[in-house]
Amino acid sequence: MKKLKLIHAIPSVILLGAVQSFAAVLFSLPAAQVITGGGTGTAIVDTTNDTGDWITAGGYSTGAGTVPLYLQVTMNITNNAGETGGGGFFTGFQLFKAGGENFAVGNSWGSLNWGGFQAPADYEVTGNPAYILGTPASFVIKLDQAQNTATVYYNPNLALSEVAQGAAKTTVLSGMGVKDEFDSLNIRAGNGTGSNTFSNIVVRNDSPFAAVPEPGSALLAGIASLGLIRRRRA
């Protein structure tokens, strides 16, 4: 396997345990990645090491992707040095293209809540949940280039279907335009001395959520349950 290429790597970055395959899971990096502020962050996968050339071949670098991508990540802010509520620390899982930041999910500039940016505007996820130092938060980002949308699920329940997540966990960003294009996925923690730990990073071209039962399957399950009830009564 090719070594990961670090873009603007910084001494405090640790990259461990990368796994790639061209299947439902296109890229995974399960090991914790400790990131401290500086520069444009660290590229965890780009067009030089995306096994199977899935970024370019899938059309994701030009916005021509026909299959939605699901980006999964857990973030745990351990130090927000420089954040005063009015600006300073920020962190995010980011889409980069040609060295520029297109889109991010994490903590946007000047906010103490989970959110991100769809440059040039910042946003906060539904409910404006505040990040709590030392408390992990998980995210699933559905990137649909055909619809020019990004759907951010905050602490979703993967045992439920995507449609069952509910409005309280779901933030839909429309009109992404070219902001959903990328040739590099980066992880970054601000410009100050704050730090964030990224873990359980997965990129896939199928849904990580539970499947919606087929009507026939649901009917059979109902009949089976009814049979069990009758047996117990007997």
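How many aromatic pairs does the structure hold? The structure holds nine. Rings of Phe, Tyr and Trp (its six-membered ring) pair if their centres lie within 6.5 Å; planes under 30 degrees apart count as stacked, over 60 as edge-to-face and the rest as tilted. The model is predicted, so local features need pLDDT of at least 70 and side-chain atom pairs count only at pLDDT 80 or more, while totals for chains, interfaces and linings use all residues. Residues are numbered from 1 along each chain as its sequence is written, and side-chain values use heavy atoms, without hydrogens and water.

One of the pairs joins Trp-54 and Phe-182. Their ring centres are 6.3 Å apart and their planes lie at 55°, so the pair is tilted. Trp-54 sits in helix H1 (residues 54-57), and Phe-182 in the loop between strand S12 (170-173) and strand S13 (184-189), 128 residues apart. Helices (H or I, at least four residues) and strands (E, at least two) are DSSP runs, numbered from the N terminus. Trp-54 is buried at 2% relative accessible area. Phe-182 is buried at 0%. Buried means under 20%, exposed over 50%, and partly exposed in between (1.4 Å probe, protein chains only).

Trp-114 and Phe-139 form an edge-to-face pair, with 5.3 Å between centres and 65° between planes. Trp-114 belongs to strand S8 (residues 114-118) and Phe-139 to strand S10, 25 residues apart. Both are buried. Trp-114, Tyr-131, Phe-139 and Tyr-154 form one aromatic cluster.

Ser-138 also lies in strand S10 (residues 137-144). It is partly exposed, at 24% relative accessibility. Beyond four places in sequence, Ser-138 has contacts (heavy atoms within 4.5 Å) that include Thr-74 and Tyr-154.
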